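Visitor: I would like a close look at a single part of this model. Please keep it brisk.

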Amino acid sequence: MNRKLNIVIADYNLGNTYSVSNAIKHLGYNVRISLEESNLKNADVIILPGVGAFEEAIKNIKSRNLDKILGELVLVKSKPILGICVGMQLLANSSEENGLHEGLGWIEGHVKQIIPLNNDKVPHVGWNNIKITKESKLYTNLGQDNHFYFDHKYHFVTEEKFISAQCEFGNQLITSSVQYRNIFGVQFHPEKSQRAGLKLFRGFLENVELI
Amino acid sequence: MLKKRIIATLVIKNGIVVQSIGFKKYLPVGKPDIAVEFLNDWGIDEIAIIDIDATKKGLKPDYKLIEKVSKKCFVPLSVGGGIQTLDDVRALTQSGADKVIINNLCFKSPDKITEFALAFGNQCIIASVDLKREQNEIKIFDYTLNKTIDYNVIDYLKNLEHYGAGEILLNFVDRDGLYKGFDIDVINQLTNQVSIPIIVQGGAKNVNSFIDLFEKTSIEAAAAANFFHFSEHSVTFTKSILSNKLSSIRTETNFGYSDFKTDSNLRILKKDDDVLEKMLYVKIEPEII
């Protein structure tokens, strides 16, 4: 295991940065919560956490110039990045949460409200088992049937080729994780998904250098 | 498939976990960080920490306490008590809370629900409602004034959703700490009045209370406090027995209870001496993640 890995959680004043940092520290890694350009430049892996509404999130990202800084690092320098929850949704072209808002546009897709079928209650909140649909660095340490904690009212609608896992919510399928090259996103909260979540971080961080 | 959630509530008074009886009497249980660590290891689905003093005394949430407990908490953590402003919500999410629980603020200034939801998303806000029976009518109870208030319960719940709450936590005050089982009738009257998930709390006695609740209602989540503190193996036993009955329960531990005996209250009994004598202990190495 490479404990020297330089992991930076991008701080845009809206994430549950502390929970994410706790989970990663628990695995023995060094992790820094920061929005300094120099720290982000030196990172081996960047994590974009999220507990928040899309509009506020993208506003905070842009006001801190993080869209430009991260864009250069992720799109030009191919630094691996993992977006969590609204952090994953930010990767899309747009979101319709509280009005239409432009996202980072790094993975083709649109964030739309979950329209419940039958009597399903929205937000989609709780533990759901995911179906891994594509091999991904995220799932190297996990078997097929794993439960993760979800809590969201909007979901990432995108092409199949970007989806690496889905879950069933009533009669519909919800995008649970996405990937395009070095850009990863999970809709659920691995930092709050007990052992499965910790295994996901371990697998991802161990293999991420090989990207 | 989305699973039913089993939530443990820690009621906090003066920085320690207490047992609450009818919102009147309180008995000390122990340190919050120890309780959280154990509940996490036992595979609880979610933990709610509610400070019952903060709002009454006009105190801010105890951020240091949340930071401390969240270090060992790898399941979702909801925090309530003393939340008044957007900055309180921000500070809590930065201290390790995933969701916030607001109660009194919902009737004083429901606009706050909208304000919090616009920044943190609806999914981050749990509106908590205390319910109490009065002359066989179910009413909303204001714990800060210690009396019921004259709102129509259904209208009130619909309003919470309208203002932007992501979940509603219903506390049944009459059943608090009395082990009478969940109030199935009232729960059924209220569940489908809103389109957001509802968590119910108050009355859990043993695993049968949960089976009853999930079989007779469509409720998404059940919370309990005292039951999880005072019954042996409560979390693992409850989830193991529940998962035999229902497919919608998450079990992550390897505990099985098929060869355990229980008493009439479904508490686990010690195994017979001759069984214990013949038992073989196998060392299982903990899985390293």
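Visitor: Which residues of H6(A) are buried?

Guide: First, the ground rules. This is a predicted model, in which local features need pLDDT of at least 70, side-chain atom pairs count only at pLDDT 80 or more, and totals for chains, interfaces and linings use all residues. Residues are numbered from 1 along each chain as its sequence is written, and chains are lettered from A and ligands numbered from 1 in the order in which they are written.

In H6(A), the buried residues are A:Gln194, A:Ala196, A:Gly197, A:Lys199, A:Leu200, A:Phe201, A:Arg202, A:Phe204 and A:Leu205. Buried means that 20 or more other C-beta atoms, placed from the backbone, lie within 10 Å of a residue's own; exposed means 12 or fewer, and partly exposed is in between. Helices (H or I, at least four residues) and strands (E, at least two) are DSSP runs, numbered from the N terminus.

Now the length. Helix H6 of chain A runs over residues 194-207, 14 residues. At 1.5 Å a residue it should span 20 Å, and its end C-alpha atoms are 20 Å apart, which agrees. The expected span is 1.5 Å times one less than the number of residues.

Next, the packing. The buried residues of H6(A) pack against helix H1 (17-26) and strands S3 (45-48), S4 (81-84) and S9 (146-152) of chain A. Contact here means C-beta atoms, placed from the backbone, within 7 Å.

H6 also takes part in the contact between the chains. That contact takes 38 residues from chain A and 34 residues from chain B. On the chain A side, the elements giving two or more residues are H1, S8 (124-132), S9, S11 (163-169) and H6.

How values were computed: Contact = placed C-beta atoms within 7 Å.
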